[in-house]
Amino acid sequence: MTEFLLELKGITVKFGGFKALDDLNLSLRTGELRTVIGPNGAGKTTFLDVITGKVKPIEGDVYFKGKSLLKQREHRIARLGIGRKFQSPRVFEKLSVFDNLALAVAWPKKPIPLLLESTNRAEHARIDKLMSIVNLQAKSTVLAGSLSHGQKQWLEIAMLVGQKPDLLLVDEPVAGLTDEETDLTADLLKSLAGENTVLVIDHDMDFIRRLDSTVTVLHQGHVLCEGDMETIQKEPRVIEVYLGQPEEGIS
Ligand code: ADP
Ligand code: MG
């Protein structure tokens, strides 16, 4: 049995003649919080697409709990315990916060027509706990559509956690959030680590610094380097890559 929850080994993805990922290697331990950064076009989203089975590599393999995911389809991989939060919030706007979470905790155990019929006591307790984790207890009966952008992001993160995935993939969760919401999101993701394994993609440096995790830097589909934020910032190859993109430069 491997010590890693997730391992990507020698992953290469081609779109036409272009290598979006090029011999990518990355390993994640259970309970770890990991941040993956890289300039636009580095391959960050493609890398998540490979884990979730949306994109299949032409070389390499992905192992989750020691088993290859290569031959598994997307919905099957989700059921194996990999949850993904996309960049823009995907909540059910016309349902209340509570009902959004009720759907999440029932998935995939109940048939769809029964999902909202009733929640049992155990489910109710879990929903209350999820609302408290993301500070939405007071919004239980509010329609998700009337939440702020930040609150929608938190609701969706809570929905993901409610599905009890073994691995949580979070793609650029703080785009469009206020500074305060960004800080709260970092604290939320940090609090989820340990009990959950969390992989976050972003390029907001203040956010990444606050996450205080191991950082993997992607460049041209390849891992440029890996380490804590302080080490990464001093790495000449990282500085060089980011100097080409002053608006995203590490400061
Ligand atoms: P990032 O998320 O780091 O900005 P992406 O993974 O979205 O980068 O993209 C990596 C590279 O692959 C980019 O050059 C992008 O244009 C290219 N790419 C991504 N998806 C496709 C696709 N479906 N077809 C062709 N090229 C793609
Ligand atoms: Mg992307």
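Mentor: Let us begin with K44. Setting aside neighbours within four places in sequence, K44 is in contact (heavy atoms within 4.5 Å) with V36, I37, G38, P39, E172, I201, H203 and L218. Please note that this is a predicted model, in which local features need pLDDT of at least 70, side-chain atom pairs count only at pLDDT 80 or more, and totals for chains, interfaces and linings use all residues. Residues are numbered from 1 along each chain as its sequence is written, chains are lettered from A and ligands numbered from 1 in the order in which they are written, and side-chain values use heavy atoms, with hydrogens and water left out.

Trainee: In which helix is K44 found, and is K44 buried or exposed?

Mentor: Helices are DSSP runs of H or I with at least four residues, strands are runs of E with at least two, and both are numbered from the N terminus. K44 lies in helix α1. Buried means under 20% relative accessible area, exposed over 50%, and partly exposed in between, with a 1.4 Å probe and protein chains only. K44 counts as buried because its relative accessibility is 5%.

Trainee: How far apart are the C-alpha atoms of K44 and I201?

Mentor: They are separated by 7.0 Å, although the two residues are 157 residues apart along the chain.

Trainee: Which residues surround ligand 1?

Mentor: The shell around ligand 1 consists of F15, F18, A20, P39, N40, G41, A42, G43, K44, T45 and T46. Its largest share, 3 residues, comes from α1.

Trainee: Which polar atom of T46 lies 2.5 Å from an oxygen atom of ligand 1?

Mentor: That atom belongs to the side chain of T46. For T45, a polar backbone atom is 3.0 Å from an oxygen atom of the ligand, and for A42 a backbone N or O atom lies 3.2 Å from a ligand oxygen.

Trainee: Which residues touch the most other members of the largest nonpolar core?

Mentor: A nonpolar core is a set of buried Ala, Val, Leu, Ile, Met, Phe, Trp, Tyr and Cys residues joined through side-chain atoms within 4.5 Å. In the largest, which has 35 residues, L101, L155, L189, L192 and V198 touch the most other members. Helix α5 gives the most to this core, with 7 residues. A second, separate core of 27 residues includes L8, L28, I77 and I201.

Notes: Near = heavy atom within 4 Å. Polar contact = N/O pair within 3.5 Å; in protein donor to acceptor, adjacent residues only side chain to side chain.
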